[in-house]
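Subject: Structure handover

Hello,

Here is the structure to take over. My notes follow below it.

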Amino acid sequence: MVSSVGGLTAGQIGQLPTSTVSQLTSADITPLTTTQVAGFTADQLNSLSPSAIAAFSPSQIGAISYTTFLALSGAQTSNLTATEIGGLSEQQVQTLTASQLNGLGASDLNALNVASLTTAQARSLDSTAIGNLSAAQADALIASHPRALSSSQIGALTTTQLNGISQASLQTLDVSALSTTQLQGLTTATVGNLAFYQPRGLSLTQIGALTATQTAGLSRAAVEQLTDAQVGSLSASAVAGLSQAGIAGLGASQIRALSVTALNSLSTTQIGGFSTAQTNALTARQLDGLSQANFSALDAGDFTTAQLQSLGTGLTKLSASQISGLSRVQLVALDPSQLGSLSGGAVSGLSNQHLAELSAQQTASLLANQANSLSVAQISSFSAKQLSATTVVGVANGLQFNLSWGASTANAPTGFRNAVVAAAAGLATEFSNNVVVNIQVGYGEVAGQPVSPGAAAQSVSYQRGVNYSALASAIQGYAGNSAIQATAAASLGASDPTHGGSFAISSAQAKALGLSGASANLDGYIGLSSALSFEFTQNAASGQFDAIGAIQHEITEVLGRTASVGSGGNFTVLDLFRYTSTNNADPAAGTPVRALARQGGNFEYFSIDGGHTNLGGFNSSTGSADYGDWNSTVGSDPFGFSFPGVTEPLNGNDVVVMAALGWNPTSHGVTHAQAAATYALV
């Protein structure tokens, strides 16, 4: 048929029946001139085989009239090759119907000059056609028809298309039409290309679907535009994905909209970059819920007094550096009970300048609950006015001393009250029994009687009797509190070594051993001599005695550190850990035995392992000195003799003594006890 068709005019071709035209092959189509091709009718073109229709060249396709091309069926249009589609004139492109356009395959569709489409044609593209566009074609379509795409068309865009279109095209899209899957497929860079106002158009569900990858691209301006509800809908990981610039865009109400979980997802660098206004915006609930690391990253100097006063558990998270950064106004704004809730580290970080700002009530609360965290130097810095309200000294839920100040203390020198407080605080640092010990303090007198001449200090304590079985049982019941107590308890046998002797224990010791309950009654009295010269800061001073060491000597006697060695048929707990040798002339040749009978000489010593280890020599039980005190072999020590010009801080051996008597050592006390010195058997 090639020869017969090739010689026909355009008019003649137009007269051919469709049955004849349908028989044309690609060989018949290829040689036709553009003039001849212009003669085909729509019906004729629609009758051509796919191979024949694919044989048209771009110039031949271009010769088809507007009306004829408009009448092409969608099925036939889909048979056009990409080359043919790419050769369509703008007029021909604009004649394509929705059916024709949506019938094009991916390759044909991407060969189409989409810039030539009318807005109506662009809007007629179905989801499949939209999805078949390359990123470049999608960009060209959107750029040529800004804001023309419908929500369903936008929802049909692939993440490849979205991440591949230009910033200008991206900023014309209605992002509220994007699915959560589309949003989660956006790269950080793509999100960064959004107009600052576009994210505000996202629903709470869409916002909640954003990952750290997307939020990392949000600019400061974009974050500033988000509503409080949107910020509150961000996941913790999405919040953590915000850049430092993005975080800087969070306003006060947005900060308050963040969950505690979201805040804790921030790095210390991110939260540490909060501005003063952002820190001020944090609620008490948020502050209390912050992790220790994130709380410590905040500049506490930015806290308002209202924030500080509203803190609950957040108080315990204040670090030493944060406390030191508080202003005078901030510090004095704290309620006394709040000061008592500070962590030990924070309390230890208080400078003397900070401490000087505290009221008497704040000082009293601090000393009642956190005295163990204050150093002697810190306690020594308090003024008499600041200490005027202090009675309880110690640790909350731990060892506390309820000090009543006798009338005689009004005549005590400056620093006296500080020294008593420091002495009590030092013992609360070493021991943890949840006990309140009630002691009346005197100066120059004890229990209304003058301190004995030559004594640096003196004590009087209330006693109660107990049999060996109950006492041993109580001590063994506390054996699990420390290795020291376990060893001491193991050295006590089932039978009474005194064969029916009476044991006297102080009322304070009875509380420690669980042999009596809490009581507001006085447990004892202590008094410091007014006849001697003292220094009150535990710093050696020539010719002066260590007041803190002397006071601790007397307080520990109220706690039960006394010995009677059978005097009058009475014994104490300390007597059970008093040993000597069966051969004092050559102790190593003898056997350790409890020294339950009074004897002369310096042969008696303290031991918690049945006498095998000497942890310090006792005064002779026939001399005038206290039987429960160390003798001179131990050297300068608060449990021994006082000497002028030397300090006498508690040592490891002292801690072991008190632990054996039923006072549970703190972790600090255990460490201290591990440094206890051992001596040769006497």
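A cavity, on a 1 Å grid over the protein atoms alone, is a set of points where a 1.4 Å probe fits but cannot get out; a pocket is an open set with protein on both sides within 12 Å along at least five of seven lines, and lining residues have an atom within 4 Å of a point. Grid points are joined across faces, edges and corners, and a volume is the space filled by probe spheres set on the points.

This is a predicted model: local features need pLDDT of at least 70, side-chain atom pairs count only at pLDDT 80 or more, and totals for chains, interfaces and linings use all residues. Residues are numbered from 1 along each chain as its sequence is written, and side-chain values use heavy atoms, with hydrogens and water left out.

**Cavities**

The structure holds four cavities of 30 Å³ or more. The largest cavity has about 60 Å³ of space. Its lining consists of Val-175, Leu-183, Leu-186, Val-191, Leu-194, Pro-199, Leu-202, Leu-210 and Leu-218. By class that is nine nonpolar, no polar and no charged residues. For the classes, Ala, Val, Leu, Ile, Met, Phe, Trp, Tyr, Cys and Pro count as nonpolar, Asp, Glu, Lys and Arg as charged, and the others, Gly among them, as polar.

The second largest cavity has a volume of about 50 Å³. Phe-416, Val-420, Val-441, Gly-442, Ala-457, Ile-526, Gly-527, Leu-528, Ile-551 and Glu-554 line the second largest cavity. Two or more lining residues come from each of α43, β3, β9 (524-528) and α47. Helices (H or I, at least four residues) and strands (E, at least two) are DSSP runs, numbered from the N terminus. β9 gives the most, with three residues. This lining has seven nonpolar, two polar and one charged residues.

**Largest pocket**

The largest pocket holds about 620 Å³ of space. It is lined by 26 residues, and His-553, Glu-554, Glu-557, Asp-626 and Asp-629 lie nearest its centre. The elements that give two or more residues to this lining are β6 (457-461) and α47 (547-558). β6 gives the most, with five residues. The lining has nine nonpolar, 12 polar and five charged residues. Glu-554 also lines the second largest cavity.

**Strands**

Two strands pair if DSSP finds at least two bridges between them. Strands of a sheet pair through backbone hydrogen bonds, either parallel or antiparallel.

Strand β1 (residues 392-394) pairs with strand β2 (residues 400-405) over three bridges, in the antiparallel sense. Gly-394 stands opposite Gln-400 in β2. The β1 and β2 hairpin has five residues between the strands, and there Asn-397 takes a positive phi near 65 degrees.

β2 also runs parallel to strand β3 (residues 436-443), joined by six bridges. Ser-404 has Gln-440 in β3 as its bridge partner.

Elsewhere, three strands form an open sheet in the order β7-β8-β12, with mixed pairing. β7 (463-466) and β12 (570-571) are the edge strands, each pairing on one side only. β7 and strand β8 (residues 502-506) run antiparallel, with four bridges. Gln-463 has Ser-506 in β8 as its bridge partner.

**Burial and contacts**

Buried means under 20% relative accessible area, exposed over 50%, and partly exposed in between (1.4 Å probe, protein chains only). Helix α41 (residues 360-370) is mostly covered, with nine of its 11 residues buried. Among them are Leu-366, Leu-367 and Ala-368.

His-354 sits in helix α40 (residues 352-355). His-354 counts as buried because its relative accessibility is 10%. Leaving out residues up to four places away in sequence, His-354 touches Ile-323, Ser-324, Leu-326 and Leu-331. Contact means heavy atoms within 4.5 Å.

Leu-681 lies in the segment after α49 (667-673). Leu-681 counts as partly exposed, at 36% relative accessibility. With the same exclusion of residues up to four places away in sequence, Leu-681 touches Pro-587, Tyr-605, Gly-611, His-612 and Asn-614. The C-alpha atoms of Leu-681 and Ser-581 are separated by 8.1 Å, and the two residues are 100 residues apart along the chain.

Best regards
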